[in-house]
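Subject: Structure handover

Hello,

Here is the structure for your files. My notes on what was found in it come after.

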Amino acid sequence: MAQHYCEVAIGDPLHGPYHDREYGFPIDDDDALFARLVFEINQAGLSWTTILKKKDNFIAAYDDFDIATVAAYDEDARARLLADAGIIRNRLKVNAAIENARRLLDIRAADG
């Protein structure tokens, strides 16, 4: 029988803190929710361990996941992200993060 994440995370230096402070907890901040979206996009095809190892680099690279800042990224910012070995340097994933930030601003404008 496969172990549940809660069982695997106990004592793990990466998964333990994530499990105890973030996994399954409600998110009521737009930027924090956007961060989770970007992490999930980048995890596709990779392990969650890979993302957790790069988490601090993602936070720095994406300006603390400030939606308005990421939405305003230009080609220079895109090139900076694609050259950053501390994050996942996949053009589709970088483009998705920027485009999703722009769509979130549209949603804010339309619905508050």
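**Nonpolar core**

Phe58, Tyr62, Phe65 and Leu81 touch the most other members of the largest nonpolar core, which has 25 residues. A nonpolar core here is a set of buried Ala, Val, Leu, Ile, Met, Phe, Trp, Tyr and Cys residues joined through side-chain atoms within 4.5 Å; buried means under 20% relative accessible area, exposed over 50%, and partly exposed in between (1.4 Å probe, protein chains only). Two or more residues of this core come from each of H3, helix H4 (48–61), helix H5 (67–71), helix H6 (75–83) and helix H7 (91–111). H4 supplies the largest share, five residues. Helices are DSSP runs of H or I with at least four residues, and strands are E runs of at least two, numbered from the N terminus.

This is a predicted model, in which local features need pLDDT of at least 70 and side-chain atom pairs count only at pLDDT 80 or more, while totals for chains, interfaces and linings use all residues. Residues are numbered from 1 along each chain as its sequence is written, and side-chain values use heavy atoms, with hydrogens and water left out.

**Individual residues**

Leaving aside neighbours within four places in sequence, Phe58 is in contact (heavy atoms within 4.5 Å) with Val38, Phe39, Asn42, Ile51, Phe65, Ile87 and Ile88. Asn42 lies in helix H3, residues 30–43, and counts as buried because its relative accessibility is 0%. With the neighbours within four places in sequence again left aside, the contacts of Asn42 are Ile51, Phe58, Ile88 and Lys93.

Thr49 is in helix H4 and is partly exposed, at a relative accessible area of 28%. Not counting residues up to four places away in sequence, Thr49 touches Leu14 and His15. From Thr49 to Ala61 there are 12 residues in sequence and 18 Å in space, C-alpha to C-alpha.

**Cavity**

The structure has one cavity of 30 Å³ or more. A cavity is a set of points, on a 1 Å grid over the protein atoms alone, where a 1.4 Å probe fits but cannot get out; lining residues have an atom within 4 Å of a point. Points are joined across faces, edges and corners, and a volume is the space filled by probe spheres set on them.

The largest cavity holds about 30 Å³ of space. Its lining consists of Tyr18, Glu22, Arg36, Phe39, Trp48, Ile51, Leu52 and Lys55. H3 and H4 are the elements that give two or more residues to this lining, and H4 gives the most, four.

Regards

Note on methods. On a 1 Å grid over the protein atoms alone, a cavity is a set of points where a 1.4 Å probe fits but cannot get out, and a pocket is an open set with protein on both sides within 12 Å along at least five of seven lines; lining residues have an atom within 4 Å of a point.
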